[in-house]
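Let's take a friendly walk through a protein model, one part after another. Keep the sequence and the 3D view open as you read.

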Amino acid sequence: MDAPGLAGLIDHTLLRADATAAEVRRLCEEASAHRFKAVCVNPVHIGLVAEILAGGDVAPCSVVGFPLGAVPPEDKAVEAAGAVRRGAAEIDMVIALGALKDGDRAAVRADIAAVRAACRGRILKVIIETCLLDEAQKRLACTLAVEAGADFVKTSTGFSTGGATVADVALMRATVGDAVGVKASGGVRSLEAARALIAAGANRLGTSSGVALVTAGVAGGSY
């Protein structure tokens with residue numbers, strides 16, 4: 001895969017609480033210049049992102065229930081609907097982690113389904129926060145996300161105790177099969193890490209280091 005191919009897998013991400021409008025504008029400019037797949041921001045910035053990216057090929061993406069997932073499903077649905085109304089083409093939601101650890105399948109499925117209904121017609125990615133789960137819980141989270149209509153399962157918020165690992169991506173891909181995407185996010189800062197995660201089954205990368213990754217790809221040729 002060459003640098004343009006890599007760029008097409010990247011969600012260029014800025015989720016810091018103190019992100020400024022100027023930084024968000026720069027993020028969008030970089031994403032457009034390098035032809036990244038999406039720009040992922042907090043809901044407060046999604047309207048600005050949608051305005052800047054209008055008419056281009058880069059998708060505006062907003063997080064929902066971020067970063068803890070500890071929000072009632074009806075509130076996540078309202079947040080998702082608001083993001084869609086402001087121009088989000090993709091939604092990255094955080095799963096109900098407590099309910100998952102309780103083994104409450106119905107609650108987890110309903111949580112995802114509520115957001116799915118609120119962003120019908122848009123891409124929905126479900127963040128399962130792998131660093132907080134054991135293997136069985138990771139598999140269950142992926143299975144419930146698929147059942148509830150998710151388009152992707154995603155490793156991490158990048159705000160907890162760990163990020164994407166090759167082992168977790170491989171497990172997630174084995175669980176969801178080929179019909180659902182796998183997004184690796186959290187700590188994807190080098191071309192070597194990106195290469196390994198893609199080889200393990202990721203077909204989307206969430207990173208704030210997208211420019212460095214594709215620049216390294218150009219310098220090193222295809223990878």
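## Helix α9 and what follows

Helix α9 covers residues 191–200, and its buried residues are L191, A194, L197, I198 and A200. Here "buried" means under 20% relative accessible area, "exposed" means over 50%, and "partly exposed" lies in between, with a 1.4 Å probe and protein chains only. Helices (H or I, at least four residues) and strands (E, at least two) are DSSP runs, numbered from the N terminus. Just after α9 comes G201, which takes a positive phi of about 130°.

A word on the model itself: it is predicted, so local features need pLDDT of at least 70 and side-chain atom pairs count only at pLDDT 80 or more, while totals for chains, interfaces and linings use all residues. Residues are numbered from 1 along each chain as its sequence is written, and side-chain values use heavy atoms, with hydrogens and water left out.

## The nonpolar core

Which residues touch the most other members of the largest nonpolar core? They are L6, V39, I112 and V126, out of 72 residues in this core. A nonpolar core is a set of buried Ala, Val, Leu, Ile, Met, Phe, Trp, Tyr and Cys residues joined through side-chain atoms within 4.5 Å. In soluble globular proteins, nonpolar side chains tend to be buried together.

Have a look at V126 in the 3D view. Not counting residues up to four places away in sequence, V126 touches M93, I95, I112, A145, A150, F152, V153 and K154. Contact means heavy atoms within 4.5 Å.

## Helix α7 and its cover

Helix α7 runs over residues 135–147, which makes 13 residues. From its first C-alpha to its last, α7 reaches 19 Å, close to the 18 Å expected at 1.5 Å a residue. That expected span is 1.5 Å times one less than the number of residues in the helix.

The buried residues of α7 are Q137, K138, L140, A141, C142, L144 and A145. What covers them includes the helices α5 (97–102), α6 (105–118) and α8 (166–176), along with the strands β5 (123–127) and β6 (152–154).

## The largest pocket

The largest pocket has a volume of about 350 Å³. Of the 19 residues that line this pocket, T157, G158, G186, G187 and S208 are the closest to its centre. The elements giving two or more residues to the lining are β1 (10–14) and β8 (204–207). The lining divides into four nonpolar, 12 polar and three charged residues. In this count, Ala, Val, Leu, Ile, Met, Phe, Trp, Tyr, Cys and Pro are nonpolar, Asp, Glu, Lys and Arg are charged, and the others, Gly among them, are polar.

How is a pocket found? On a 1 Å grid over the protein atoms alone, a cavity is a set of points where a 1.4 Å probe fits but cannot get out, while a pocket is an open set with protein on both sides within 12 Å along at least five of seven lines; lining residues have an atom within 4 Å of a point. Grid points are joined across faces, edges and corners, and a volume is the space filled by probe spheres set on the points.

## G158 and E129

G158 is found in the loop between β6 and α8, and at 45% relative accessibility it counts as partly exposed. Leaving aside neighbours within four places in sequence, G158 is in contact with E129 and G186. G158 and L15 are 143 residues apart in sequence, yet 9.2 Å apart in space, C-alpha to C-alpha.

E129 sits in the loop between β5 and α7. Is E129 buried or exposed? At 2% relative accessibility, E129 counts as buried.

Most residues other than glycine have a negative phi, and most peptide bonds are trans. E129 has a positive phi of about 55° although it is not a glycine. R35 is not a glycine either, and its phi is positive at about 60°. R35 is found in the loop between α2 (21–34) and β2 (38–41), and R35 is exposed, with a relative accessible area of 69%.

The peptide bond from F66 to P67 is cis, with omega near 0°. P67 lies in the loop between β3 (59–64) and α4 (73–85).
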